[in-house]
Amino acid sequence: MTMSEVDKVRLSAASAIERSRERRRPIGTKSVALRRQHLYKKLGRVLVAGGIVLIGAALFGALIQPLGFVGLLALFVLLVGVAVLFGKWPPFPEPRQADLPKADLKQLAGRTEIWLEAQRPALPAPARQLVDGIGVQLDLLAPQLQTLDAASPAAANIRKLVGEDLPELVAGYQRIPAGLRGEAHAGRTPDETLVGGLKTLESEIGHAARSLAAGELDKLATRERYLQLKYQGLEGEDTPGGGAV
């Protein structure tokens, strides 16, 4: 093998390792939380199923006949099988683009992050950095979505922005053949169009998060003012000599 071939193999291996790292790296905390929640549910199923097997084995040994060595060995194999089965099933429901507009509003940010994480390795480097920034903005937006009325106009706008516009921009870019993504069309290359669109969406998602948070801050300030008027007014009424002269 020549030096050039060795270099090609080395570069190919390094590229494969980098792609693997890109696939594993989350862009936000909400995607991690959803995956962790799914894992905890699977662990719960493993414990429940294992407990049922142990109770069944105990009843069999107490009422019918002792398990003995062979029975204990069979019990061990059965427990391992239960752990493997419920450890792999059900698999994590990876979101598809078509699923995002219909996702539960409380999980919209996390499921969009998971979808973006799967697309990220296929994007150019500047776009990957913007996707990371969008993950940060989605994390800021997520707490507001927990209490937002799903039937409100604000919820509809966020579904359109996060569940439709963002995925369609990324998916539309990926539908373009790789060899044409660097060629200019209407004055801009697809790479440049993608980066420009992601910058706009990052800004809009951040603006939506801050607008919703501002509404909560206004409610908090109003509540504080109400409490001040209520209790400070009562204190004034209770003060000796506070009556009219």
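Visitor: What pattern does the protein chain follow when it is read along the sequence?

Guide: In this predicted model, the protein chain reads α-α-α-α-α-α-α, and the count that goes with this pattern is 7 helices and 0 strands.

Visitor: Where is confidence lowest in the protein chain, and where is it highest?

Guide: Helix 1, residues 3–24, has the lowest confidence, at a mean pLDDT of 49, whereas helix 4, residues 108–119, has the highest, at 96. The protein chain as a whole averages 84, and 78% of its residues score at least 70. Over residues 11–20 the pLDDT stays under 50, and for that stretch the model has 0 contacts beyond four places in sequence.

Visitor: What makes helix 4 and helix 6 roughly parallel?

Guide: Helix 4 and helix 6, the latter spanning residues 153–174, pack at an angle of about 5 degrees, with their axes 11 Å apart. Angles under 35 degrees count as roughly parallel, and therefore helix 4 is described as roughly parallel to helix 6. Among the residues that make the contact are Trp115 and Leu116 of helix 4 and Val162, Leu166 and Val170 of helix 6. By class, this contact has 9 nonpolar, 4 polar and 1 charged residues.

Visitor: Why are helix 2 and helix 4 called roughly perpendicular to each other?

Guide: The axes of helix 2 and helix 4 come within 7 Å and cross at roughly 100 degrees. The range for roughly perpendicular runs from 65 to 115 degrees, so the term applies to helix 2 and helix 4. On the side of helix 2 the residues are Thr29, Lys30, Ser31, Leu34 and Arg35, and these meet Gly110, Arg111, Glu113, Ile114 and Glu117 in helix 4. Sorted by class, the residues of this contact divide into 2 nonpolar, 3 polar and 5 charged.

Visitor: How do you know that arginine 35 counts as partly exposed?

Guide: Arginine 35, which lies in helix 2 (residues 29–63), has a relative accessibility of 32%. Buried would require under 20% and exposed over 50%, so arginine 35, at 32%, counts as partly exposed.

Visitor: Which residues does arginine 35 touch, not counting those up to four places away in sequence?

Guide: Arginine 35 touches Phe92, Glu94, Ile114 and Glu117. For isoleucine 114 the separation from arginine 35 is 79 residues in sequence, while the C-alpha to C-alpha distance is 9.0 Å. For the protein chain in general, among contacts between residues at least 6 apart in sequence, 75% join residues at least 24 apart.

Visitor: How many aromatic pairs does a search of the whole structure find, and why is the pair of phenylalanine 86 and tryptophan 89 called edge-to-face?

Guide: The search finds 1 aromatic pair. The ring centres of phenylalanine 86 and tryptophan 89 are 6.5 Å apart and their planes stand at 70 degrees; planes over 60 degrees apart count as edge-to-face, so that is the name given to this pair. Phenylalanine 86 has a relative accessible area of 21%, and because buried means under 20%, this residue is classed as partly exposed.

Visitor: What kind of peptide bond joins tryptophan 89 and proline 90?

Guide: The bond between tryptophan 89 and proline 90 is a cis peptide bond, with omega at about -5 degrees, and proline 90 is found in the loop between helix 3 (68–88) and helix 4.

Visitor: What percentage of the residues of the protein chain count as buried?

Guide: Of its 245 residues, 31% count as buried.

Notes:
Residues numbered from 1 in each chain as written. Predicted model: local features only at pLDDT ≥ 70, side-chain atom pairs only at ≥ 80, totals over all residues. Heavy atoms only, no water. pLDDT = per-residue confidence, 0-100. Helix = DSSP H or I, 4+ residues; strand = E, 2+ residues; numbered from the N terminus. Contact = heavy atoms within 4.5 Å. Axes fitted to C-alpha atoms, helices over the stretch in contact; angles between N-to-C directions. Parallel < 35°, antiparallel > 145°, perpendicular 65-115°, else oblique. Nonpolar A, V, L, I, M, F, W, Y, C, P; charged D, E, K, R; others polar. Buried < 20%, exposed > 50% of the residue type's maximum accessible area, 1.4 Å probe, protein only. Phe/Tyr/Trp six-rings, centres within 6.5 Å; stacked < 30°, edge-to-face > 60°.
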